[in-house]
Amino acid sequence: KLLLPLISCLFLLGGLAYSQPLKITDFCNINNIISLIFQPEIIDFIHITDVHLDTKTKTHSARMLEDSENLLKDAIKQINSSKTAEFIVFSGDVINKSDKDEFIKFINLAKTLNKPWYYAPGNHDVGIGGGISKNEILSTLNNNLNYFKQSKLYYSFSPKKGFLFIFLDGTILGRITANAH
């Protein structure tokens with residue numbers, strides 16, 4: 001009588017991916033097992049990459065740089081109407097060419113979001129021999145976002161218990177990667 005529930009508990013313990021650590025005694029409680037199966041913990045966020053904001057380019061091309069500001073504004077409008085998203089992740093290349101004024105324009109547009117947002121740098125964002133440095137990007141973020149107080153552009157945060165988001169800085173100082181400027 002005891003062996004089958006114990007085997008079932010161990011099977012579930014080893015077989016379910018769960019966002020929060022539990023003690024074996026908690027896990028083997030039937031109510032916890034049912035809630036794990038039918039009501040798993042979830043997190044709802046929006047991921048945006050490669051915005052390539054460029055308010056200086058006026059020529060029309062397949063890359064649509066001349067439309068990048070309006071496209072970002074439209075995305076922000078749609079995000080602001082989301083009832084479920086908890087935060088937004090921008091994962092690099094938010095500006096097309098490393099330029100402090102363009103980065104500040106991006107920050108000001110992103111600040112119109114009605115949810116917190118987080119950022120990881122891309123190769124177009126960080127300047128090589130000019131443009132905006134990693135330290136300037138970091139201080140601009142820290143000075144403009146009251147919830148963003150980081151000492152490096154790689155960091156992690158936990159939006160709620162059981163979840164950890166890790167942001168990496170894949171840019172290489174002093175070296176152009178891909179077609180970054």
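**Notebook: a loop lysine, a core and a helix pair**

I began with Lys115, whose place is in the loop between α5 and β3. The model I am reading is a predicted one.

I then looked up what Lys115 touches beyond its neighbours within four places in sequence. I found contacts with Ile79, Asn80, Ser82, Ala85, Glu86, Phe87 and Ile88.

**Entry on the whole chain**

I next recorded the overall layout. The chain has six helices and five strands, and their order along the sequence is α-α-α-β-α-β-α-β-α-β-β. Of the 181 residues in the chain, 38% are buried. I also looked at contacts between residues at least 6 apart in sequence, and 67% of these join residues at least 24 apart.

**Entry on the core**

I turned to the largest nonpolar core, which has 36 residues. Which residues have the most contacts inside it? They are Phe90, Phe103, Phe106, Trp117, Tyr119 and Leu141. I listed the elements that each supply at least two residues of this core: the helices α4 (68-80), α5 (100-110) and α6 (134-144), and the strands β2 (87-91), β3 (117-120), β4 (155-157) and β5 (165-167). The largest share, five residues, comes from α5. As background, nonpolar side chains tend to be buried together in soluble globular proteins.

Not counting residues up to four places away in sequence, Leu141 touches Phe103, Ile107, Trp117, Tyr119, Phe148 and Leu153.

**Entry on α5 and α6**

I then examined how the two helices α5 and α6 are placed. Their axes come within 11 Å and cross at roughly 30 degrees. An angle under 35 degrees counts as roughly parallel, and α5 and α6 are therefore roughly parallel to each other. The crossing in which α5 passes α6 is right-handed.

Which residues make the contact? From α5 I noted Lys100, Phe103, Ile104 and Ile107, and from α6 Glu136, Ile137, Thr140, Leu141 and Asn144. By kind, the residues of this contact divide into five nonpolar, two polar and two charged.

I also checked burial along α6. Lys134, Ile137, Leu138, Thr140, Leu141 and Asn142 are buried in this helix. I asked what covers these buried residues of α6; the cover includes α5 and β3.

**Entry on two backbone angles**

Last, I looked at the loop between β1 (45-48) and α4, where Asp50 is found. Asp50 has a positive phi of about 55 degrees although it is not a glycine. His52 lies in the loop between β1 and α4 as well, and has a positive phi of about 50 degrees, although His52 is not a glycine.

Asp50 is partly exposed, with a relative accessible area of 39%, whereas His52 is buried, with a relative accessible area of 11%.

How values were computed: Residues are numbered from 1 along each chain as its sequence is written. This is a predicted model: local features need pLDDT of at least 70, side-chain atom pairs count only at pLDDT 80 or more; totals for chains, interfaces and linings use all residues. Side-chain values use heavy atoms; hydrogens and water are left out. A nonpolar core is a set of buried Ala, Val, Leu, Ile, Met, Phe, Trp, Tyr and Cys residues joined through side-chain atoms within 4.5 Å. Buried means under 20% relative accessible area, exposed over 50%, partly exposed in between (1.4 Å probe, protein chains only). Helices (H or I, at least four residues) and strands (E, at least two) are DSSP runs, numbered from the N terminus. Contact means heavy atoms within 4.5 Å. Axes are lines fitted to C-alpha atoms, for helices over the stretch in contact, and angles run from 0 to 180 degrees between N-to-C directions. Angles under 35 degrees count as roughly parallel, over 145 as roughly antiparallel, 65 to 115 as roughly perpendicular and the rest as oblique. A crossing is left-handed if the near helix is turned anticlockwise from the far one by less than a right angle, and right-handed if clockwise. Ala, Val, Leu, Ile, Met, Phe, Trp, Tyr, Cys and Pro count as nonpolar, Asp, Glu, Lys and Arg as charged, and the others, Gly among them, as polar.
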